[in-house]
Amino acid sequence: MVKILFYDTKEYDKELFEEYNKNYGYEIKYLETKLNSETAPLATGYDAVCIFVNDIADKETLEILKNCGVKLLVLRCAGFNNVDIKNCPEGLKVVRVPRYSPYAVAEHAVALLLNVDRKIYKAYQRTKKYNFTLNGLLGFDIHGKTVGVIGTGKIGKVFIQIMKGFGTEVIAYDVYKDEKAAEELGFKYVELDELYRRSDIISLHCPLTEENTNMINKESMDKMKKGVVIINTSRGKLISTEDLIEELGKEKIGGIGLDVYDEEEEFFLNDMSNSYYRNAGLSILLSMPNVVITSHQAFFTKEALNKIGEVSMENIKSFFETGECENFVN
Ligand code: NAD
């Protein structure tokens, strides 16, 4: 029987996979701890290891997993920037869930945008206290604005579709242009500089790579319109936290909605409210007006979770029964 070790699991992961495993009957153990080089030896005797976005599968960790006898690394997510694919040892395959619900993430990006723009976070706190004033809640119409989308893959395209429904002009940048989609959805590809210069709202929907790490930095923010709203549901390291804090301080950036953060690993998805352990950048951002932060929850809809459960189990079945899988990353 295939033995699978799950890292970084919460109650909802366990519930989900226990349900899906009824059709497969694998032997599964759920760990709360994250995968890294120190916890990798726990996988001794397991055939597969299942991880999420904040587990660290660097070269050393992958080698330990391979030496422990693990044959398959199962990502129960789409992004794989946390896995050192280039240095993945021979005989250890990596699979992912390439598409679970682009709607979940795109709709969350829109939720963040509306929240930042219309200051719902502030209004909610006020009305809870029976304060019904409007001071400081002034927003802007999204209709008629120019929206810059970086990354026009599955999520970016859904986001564009929704933004078109708001009556916006959408301009986009991608390293691979999908001109057919541009024509069908009614957006235009431009170079990054033009996107920075013209956009009232910028939403990031590209994967994190070596080339685009910290792409939103002082230099790129200098090119943006004063008061631009930035939304990041992709990966935290696309934005330089230090530069962002500085530009927010100068009111160059009008507001930001973040579902991901540069150093989120130790914080996001965990209850740290009773701990004294803090991250300086995160604390400054949380204390600032017009910064709305959610805890990597954009994927978290029933539909997306079901797809993650279904595809992950099928990935495992396919690999152990046939040696093949349509969702290999390496
Ligand atoms: P996708 O692969 O369908 O699309 C990504 C697009 O980005 C592609 O068109 C690609 O050509 C483009 N791209 C690659 N490098 C680029 C660069 N340097 N500049 C501009 N464009 C670039 O992926 P997707 O399903 O749309 O997901 C996008 C990202 O969303 C993922 O990589 C992941 O980081 C993030 N994500 C976040 C959550 C969440 O819960 N917050 C959930 C799922 C995915």
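1. The model contains an open sheet of 5 strands in the order 2-1-3-4-5, with parallel pairing. Strands here are DSSP runs (E, at least two residues) numbered from the N terminus, and two strands pair if DSSP finds at least two bridges between them. Strand 2 (27-30) and strand 5 (93-95) are the edge strands, each with a single partner strand, so one side of each has no neighbour in the sheet. From one strand to the next the twist averages 20°, taken between axes fitted to C-alpha atoms, with angles from 0 to 180 degrees between N-to-C directions.

2. This is a predicted model: local features need pLDDT of at least 70 and side-chain atom pairs pLDDT 80 or more, while totals for chains, interfaces and linings use all residues. Residues are numbered from 1 along each chain as its sequence is written, and side-chain values use heavy atoms, without hydrogens and water.

3. Strand 4 (residues 72-75) pairs with strand 5 in the parallel sense over 3 bridges. Within strand 5, Lys-93 stands opposite Leu-72.

4. The ligand is surrounded by 23 residues (a heavy atom within 4 Å). Lys-154, Ile-155, Asp-174, Thr-233 and Asp-259 are the closest. The shell divides into 11 nonpolar, 8 polar and 4 charged residues; Asp, Glu, Lys and Arg count as charged, and Gly is among the polar ones.

5. For Asn-212, a polar side-chain atom lies 3.3 Å from a ligand nitrogen atom. Polar contacts are pairs of N or O atoms within 3.5 Å. Taken alone, the ligand exposes 860 Å², of which the protein buries 85% (Shrake-Rupley method, 1.4 Å probe).

Key:
Helices (H or I, at least four residues) and strands (E, at least two) are DSSP runs, numbered from the N terminus. A polar contact is a pair of N or O atoms within 3.5 Å; within protein, one must be able to donate a hydrogen and the other to accept it, and residues adjacent in sequence count only if both atoms are side-chain atoms.
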